[in-house]
Amino acid sequence: MGKKSKRSKEELIAKRLARAQATAFIARPFADLAFETDLICLRELVPAATATAKLTEEYGGHEVTIASLLPAAWQAWRRDDGEIMAGMQVPVSSTDASRDVARGLLAAVDAEPGTSIEATTEPGEGPRLQDILDTSHPFDVRVLESFDYWALPEAESDPDVAAALQQANDSVAPTEKLASVDSAYWTEMSGRTYVRWARSEGEDRVVDAMARLQAENANDLGGIGTFLGYFRAHGIIVPVWELTFGTQVDDVEEPIAAFGKRLDEALNTTEPMSTEARRVRSGIVSRQLTIH
């Protein structure tokens, strides 16, 4: 009886611990993934895009598609042709966005073709993306001009579906991924042009570096941009610069690559911050906006 009682208590404690972990808020849900910053951009900034990924052999070894948005903002989808897709932009989520996406993907793996998986605030206990994705597989982001990648057959025969798809396509702001640096996106919105660059180094380090450059009048992407501030999103920050309207992606590639080198130097310096840089830093922090 004593051994059985001890085992029951251990099992109860383990269940309670698992339940607590499943409901704990994860401030940086995609940490430890090499493509963390691009995942966050697909979730928060990029209207229409897909990326390639692969599950580990333990979870079936399937190639999957991570999309910015799926029809009806589904969490995941097993298309009629068998393709497995996960959506990053969903109407509701739990305290752990990584577990949400993983739950959707695994549910789609087990589902019949043509099945959609709704988002939920309670995914329950289970693995996270860090547990199920083969991190050696390339995560290649493809930014698109529309949601035509949904390839909805109903759009060809149902006027309502076709109209809804057209409305969604009309809402897509022109966006492109920069090639010369990682996780930076050019976009045009409401008559203005921006670059948004997701950084994984940690808020304090990035803001310190931005302040150092700003104090030297060098936080301008090599003269083509005006620094506006930054977003907080899922534990990282995304600095934003406004460009002269009409500045095209090709005009940004070389200047931002050169600026990236100066930013790296500022990130890694051990020199004390100047009085002016500290003053500038306070102004930068006052302009931040938290998305998630």
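Trainee: What should I know about the model before we start?
Mentor: It is predicted: local features need pLDDT of at least 70 and side-chain atom pairs count only at pLDDT 80 or more, while totals for chains, interfaces and linings use all residues. Residues are numbered from 1 along each chain as its sequence is written, and side-chain values use heavy atoms, with hydrogens and water left out.

Trainee: Great. How many salt bridges does the structure hold?
Mentor: There are 14, each being a side-chain nitrogen of Lys or Arg within 4 Å of a carboxyl oxygen of Asp or Glu.

Trainee: Which residue does Asp38 pair with?
Mentor: Asp38 meets Lys177 at 3.9 Å, N to O. This pair links distant parts of the chain, helix H2 and strand S7 (residues 175-177), 139 residues apart. Helices (H or I, at least four residues) and strands (E, at least two) are DSSP runs, numbered from the N terminus.

Trainee: And is Asp38 buried or exposed?
Mentor: Asp38 is buried, at 9% relative accessible area, whereas Lys177 is partly exposed at 26%. Buried means under 20%, exposed over 50%, and partly exposed in between (1.4 Å probe, protein chains only).

Trainee: Switching topic, which residues touch the most other members of the largest nonpolar core?
Mentor: Leu39, Ile66, Leu105 and Leu129, out of 37 residues. Helix H3 (97-110) is among the elements that each supply at least two residues, and H3 gives the largest share, seven. Such a core is a set of buried Ala, Val, Leu, Ile, Met, Phe, Trp, Tyr and Cys residues joined through side-chain atoms within 4.5 Å.
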